[in-house]
There are 2 protein chains.
Amino acid sequence: MTVRQDIHSAGIPALCQSCEARHRGVCGALDADQLVDLAKTSSRRSIPSGAELVGDAEVVDSYSNVLSGVVKLTKSLSDGRQQIVGLQFAPDFLGRPFKVESAINAEAATEVSLCSFPRTIIERMMKESPALEHRLLKQTLTELDEARDWMVTLGRKTASEKVASFLLMIARNIDPTVDPAARSATFDLPLTRADIADFLGLTIETVSRQLTRLRTDRVIRIDNNRHVTVDSLSRLEQRSGA
Amino acid sequence: MTVRQDIHSAGIPALCQSCEARHRGVCGALDADQLVDLAKTSSRRSIPSGAELVGDAEVVDSYSNVLSGVVKLTKSLSDGRQQIVGLQFAPDFLGRPFKVESAINAEAATEVSLCSFPRTIIERMMKESPALEHRLLKQTLTELDEARDWMVTLGRKTASEKVASFLLMIARNIDPTVDPAARSATFDLPLTRADIADFLGLTIETVSRQLTRLRTDRVIRIDNNRHVTVDSLSRLEQRSGA
DNA sequence: CCGAAACCTTGATTTCCGTCAAGTCTGCTG
DNA sequence: CAGCAGACTTGACGGAAATCAAGGTTTCGG
């Protein structure tokens, strides 16, 4: 608490504000000295929507915390078919430890702000600080759980269930106050129809048709193609296949 | 080396033999004292094919190393649709740290032998030994990579590509000597057609038809519905969608 | 060795979603 | 504000995989 205030009042970028929020970031696991060290070599960057952060088969020399925005992780087949294999929201950690080459592509889905540190620093700190490694293990386990949940959606749900599941997932991630008891929610879609299709293993036409159906059935409203209002979270849940 | 020999010659179950093989097990990360401790509380079990190891929403009080056989991890929708979200081969670690309740089902796909330890022991050792936590982080990252690879298969490949990808994956896991240069491979399918369908997000009929096609195209042979000979790994790779 | 059960294959038919092809809407630039 | 490009929607059509329905194999217990 005091530590963090000191750092921030010293004019060092507020590395950890958002990390704290949902306990998935890196910084919460570090002690005061380490935080100061890290802050010296870290840099905050604002990245426009659509920019590539990490290319496939590219050497990764830095790790980042996502401070705001949404990063999409994609994999492609040789003929161009693409699949989004994960979305990272603030305050997720971005980077694959212990592997120099990236097997996936990371791209800013919205405007994104990142706090990046050199690979070497993080790896050194990981050796020194079991707490940091512990934090990373927890995030990795959470991501594995999410990936496996999504495998059920990809393998076993219908197009209409997939789209409903997607909207629910976004609603819960964008606005974590959407608890199970809430009756409605509002958010901006962080993905285009093409991205949603790549996430769900569908085509953009099918995604569009399903959204239209949800609209005509009065489950959701969409303004300007982006701004979504879920009028009935419970009916959306019913359609998600659970 | 010496340590391990001491333990084994002392009549303590050979916890770590298979762990060593591919460096994904738990034991390699422990020191001599810890290994002896662990061996005292561990038990080796042989489990028949089809037995449930961990039920959904069940409290997990033990962790295990898979010593032989194949364990399937499944998730189900409320209406019974099922998806296999992972397969664990020896010497994988089985168990989800930091979570008392399991969100997935674990079932023996073949006859399985396990080496199990109480939850409390592992968690205590994890606190004491950063090396163990490091080992777990690495396995978890590997599983995450595998899950993401499989998401591409589920979301973007055709039925025929899915079946080819599956056969290749099994060939590489059952017999790790199948290197890229090999031209053929032989193995027993660890899964029934129904399991394969649940793994690939298909129906058993579609799986069966695709296997038949691979057979008539002379890419594979199948004896007794189980014993597979891949005559041309390269042609199988071509059909896997890469 | 027989019979039953579980597992697998094959064929006919249906359905959902992908493909192709116009349009419409939104936001941006000059 | 006009015009344009990119993103989205909608419709008609076709095809891949699901569903429905038999029939064939393998395995296992008696």
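Is Cys115(B) buried or exposed? In this predicted model, Cys115(B) is buried, with a relative accessible area of 1%, and since the cut-off for buried is under 20%, that value falls on the buried side of the rule. Cys115(A) likewise counts as buried, at 1% relative accessibility. While we are on cysteines, the count of disulfides over all chains comes to zero by the rule used here.

Let me turn now to the interface between the two chains. On the side of chain B, 44 residues are in contact with 44 residues of chain A. The size of an interface is often given as the accessible area lost when the parts come together. For chain B and chain A the buried area is about 4100 Å², and carbon and sulfur atoms give 62% of that. Within chain B, the residues that lose the most area to chain A are Arg148(B), Met151(B) and Arg156(B), which together account for 20% of what that side buries.

One of the pairs joins Arg96(B) to Asp145(A), with the closest N and O atoms 2.8 Å apart.

Which elements give two or more residues to the side of chain B that touches chain A? They are strand S4 (70–76), strand S5 (82–89), helix H5 (130–156) and helix H7 (193–200) of chain B, and the largest share, 21 residues, comes from H5(B). Sorted by class, that side of chain B has 20 nonpolar, ten polar and 14 charged residues.

Methods:
Residues are numbered from 1 along each chain as its sequence is written. Chains are lettered from A and ligands numbered from 1 in the order in which they are written. This is a predicted model: local features need pLDDT of at least 70, side-chain atom pairs count only at pLDDT 80 or more; totals for chains, interfaces and linings use all residues. Side-chain values use heavy atoms; hydrogens and water are left out. Contact means heavy atoms within 4.5 Å. Buried area is the accessible area (1.4 Å probe) that two parts lose on being put together, summed over both. A salt bridge is a side-chain nitrogen of Lys or Arg within 4 Å of a carboxyl oxygen of Asp or Glu. Helices (H or I, at least four residues) and strands (E, at least two) are DSSP runs, numbered from the N terminus. Ala, Val, Leu, Ile, Met, Phe, Trp, Tyr, Cys and Pro count as nonpolar, Asp, Glu, Lys and Arg as charged, and the others, Gly among them, as polar. A disulfide is a pair of cysteine sulfur atoms within 2.5 Å. Buried means under 20% relative accessible area, exposed over 50%, partly exposed in between (1.4 Å probe, protein chains only).
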